[in-house]
Amino acid sequence: MASLLQFLLLILYLTHKSQALSFHLPNALVLPITKDVTTLQYVTRIHHGTPLVPINLVVDLGGPFIWTDCSSTHVSSSSRLIPNRSIKCSRAKAHDFEIKSSLSSSQTCELFPENRVTRMSTRGDLVEDIVAVQSKAAGSISTVNDFLFSCGPTFLLHGLVGGTKGMLGLGRTRISLPSQISTALNTAQKFTVCLSSSDGIIAFGEGPNDSIFGTEISRSLMYTPLVTNPGASKLSTIVAYTTMESTIYGTFIRAYVKAASSMNMTRVASVAPFGLCFNSKGIDSTHEGPKVPIIELVLQSETVMWRIFGRNSMVQVSKEVMCLGFLDGGLNPKASIVLGGYQLEDMLLQFEMGTSMLGFSQLLLKRQTTCSNFKFNSWAGE
């Protein structure tokens with residue numbers, strides 16, 4: 001889903017300053033996100049069924065829809081199977097990755113839910129049920145009565161965070177969570193993601209100031225077109241650290257080593273899975289993380305740059321060693337560059353589905369705040 005228009009250039013250079021900011025969510029619908037420290041996956045919670053019960057799902061920024069292990073969840077009195085060749089079935093199969101399922105002779109509509117962590121996929125029934133999302137404004141909830149999602153077998157959960165029951169897809173399809181919320185609740189065709197190393201949020205809709213995080217951040221967002229070309233660079237919440245095609249990675253590492261040497265950083269033995277590590281001694285700390293070379297991703301023009309500071313580039317693997325959080329993705333990856341979850345943390349990412357644009361902030365630490373600063377009330381009744 002989240003493909004950047006171009007990856008033209010990598011430039012390395014030095015730092016900057018900051019000012020304070022606070023968040024507010026006037027009318028947004030929100031989901032909490034928690035990062036699992038073992039798998040490095042991001043987990044959220046929705047409520048569904050009759051009666052409404054919580055279910056934990058792994059967040060998949062590019063996933064086409066929600067799928068769950070229906071056999072291990074409660075029996076909902078409002079759950080219904082969708083017939084094959086129905087309008088709702090056709091709506092769910094409106095994208096290339098689902099075309100093969102249209103050949104099924106089953107009486108029920110079948111999709112192909114995929115665990116995009118292990119890359120396993122299998123057939124699964126399309127069902128509809130009630131899904132509820134909390135509203136920040138009054139601590140109330142908003143419900144979608146005929147929400148479409150896929151069931152998946154229990155074995156598909158292998159490799160996901162323990163206790164989760166499937167994956168929550170935020171991709172650009174007609175039955176992804178953002179699309180169905182926008183259609184059912186008549187909200188703006190956009191959603192915002194704010195990840196952190198602990199707690200973050202996904203927010204749908206927007207407040208009166210054109211940004212659920214306030215006008216100060218809203219006006220500072222830079223925008224780049226989103227494309228669906230599978231070979232382009234993309235964003236991912238299921239890849240922990242950025243991966244690059246081998247030749248790009250080699251060029252990038254050589255440039256980074258040169259810049260690091262000019263800052264008197266001392267290279268040490270690599271620590272798996274990372275290919276470039278440094279002695280932490282002598283590397284100063286700043287508001288933006290370790291004082292290391294800044295990485296600039298130049299997008300559609302030299303005025304649109306995605307800056308990666310030390311907070312998102314360096315991973316502390318021990319008291320004495322920190323490593324560059326970029327990995328060799330091999331010679332023939334599906335995407336030349338995949339920006340992983342670590343590189344997306346403490347940045348505001350606004351996906352505008354209607355205009356196919358991605359808005360992104362600079363590192364929020366520069367404004368003396370983080371994505372984990374956002375707090376909202378617990379679910380009503382819990």
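Buried denotes a relative accessible area under 20%, exposed over 50%, and partly exposed in between, with a 1.4 Å probe and protein chains only. By that criterion, both Glu-288 and Lys-366 are buried. The structure is a predicted model, in which local features need pLDDT of at least 70, side-chain atom pairs count only at pLDDT 80 or more, and totals for chains, interfaces and linings use all residues. Residues are numbered from 1 along each chain as its sequence is written, and side-chain values use heavy atoms, with hydrogens and water left out. Helices (H or I, at least four residues) and strands (E, at least two) are DSSP runs numbered from the N terminus.

**Salt bridges**

- A salt bridge is a side-chain nitrogen of Lys or Arg within 4 Å of a carboxyl oxygen of Asp or Glu, and the count by this rule comes to 11.
- Arg-123 and Glu-110 meet through their side chains at 2.8 Å, N to O. Arg-123 is in the loop between strand E10 (120-121) and E11, while Glu-110 is in strand E8, 13 residues apart.
- Arg-123 is partly exposed at a relative accessible area of 41%, whereas Glu-110 counts as buried at 13% relative accessibility.
- Asp-346 and Arg-311 are joined by a salt bridge of 3.1 Å, N to O. Asp-346 lies in the loop between helix H6 (341-344) and strand E29 (348-352), and Arg-311 lies in helix H5 (residues 310-313), so the pair ties together parts that are 35 residues apart in sequence.
- Asp-346 is buried at 5% relative accessibility, and Arg-311 is buried with a relative accessible area of 11%.
- Lys-35, Arg-311, Glu-345 and Asp-346 are linked in a network of salt bridges.

**Disulfides**

- A disulfide is a pair of cysteine sulfur atoms within 2.5 Å, and 4 disulfides are counted by this rule. With bonded cysteines counted along the chain, the pattern is 1-4, 2-3, 5-8, 6-7.
- Cys-70 and Cys-151 are joined with an S to S distance of 1.9 Å, and the link is left-handed, with -90° about the S-S bond. The two cysteines belong to distant parts of the chain, 81 residues apart: Cys-70 is in the loop between strand E6 (67-68) and strand E7 (80-81), and Cys-151 is in strand E12 (residues 141-151).
- Cys-70 is partly exposed, with a relative accessible area of 26%, whereas Cys-151 is buried at 15%.
- Cys-89 and Cys-109 are joined at 2.1 Å, S to S, and their link is right-handed, with 80° about the S-S bond. Cys-89 lies in helix H1 (residues 87-92) and Cys-109 in the loop between H1 and strand E8 (110-111), so the pair ties together parts that are 20 residues apart in sequence.
- Cys-194 and Cys-371 form a disulfide with sulfur atoms 2.0 Å apart. The torsion about their S-S bond is about -75°, so this disulfide is left-handed. Cys-194 lies in strand E14 (residues 190-194) and Cys-371 in the segment after strand E30 (357-360), so the pair ties together parts that are 177 residues apart in sequence.
- Both Cys-194 and Cys-371 are buried, as are both Cys-89 and Cys-109.

- Val-127 is found in strand E11 (residues 124-135) and counts as buried at 3% relative accessibility.
- Leaving aside neighbours within four places in sequence, Val-127 is in contact (heavy atoms within 4.5 Å) with residues including Leu-81, Phe-147 and Cys-151.
- Val-127 and Phe-147 are 20 residues apart in sequence and 8.1 Å apart in space, C-alpha to C-alpha.

- Helix H4 (residues 246-262) has 17 residues and reaches 24 Å from its first C-alpha to its last, close to the 24 Å expected at 1.5 Å a residue; the expected span is 1.5 Å times one less than the number of residues.
- Among the buried residues of H4 are Tyr-249, Phe-252, Ile-253 and Tyr-256.
- An open sheet of 4 strands has the order E19-E20-E26-E25, with antiparallel pairing; two strands pair if DSSP finds at least two bridges between them. The edge strands, E19 (267-268) and E25 (314-316), each pair on one side only.
- E25 and strand E26 (residues 321-324) pair in the antiparallel sense over 3 bridges, and Val-315 stands opposite Cys-323 in E26.
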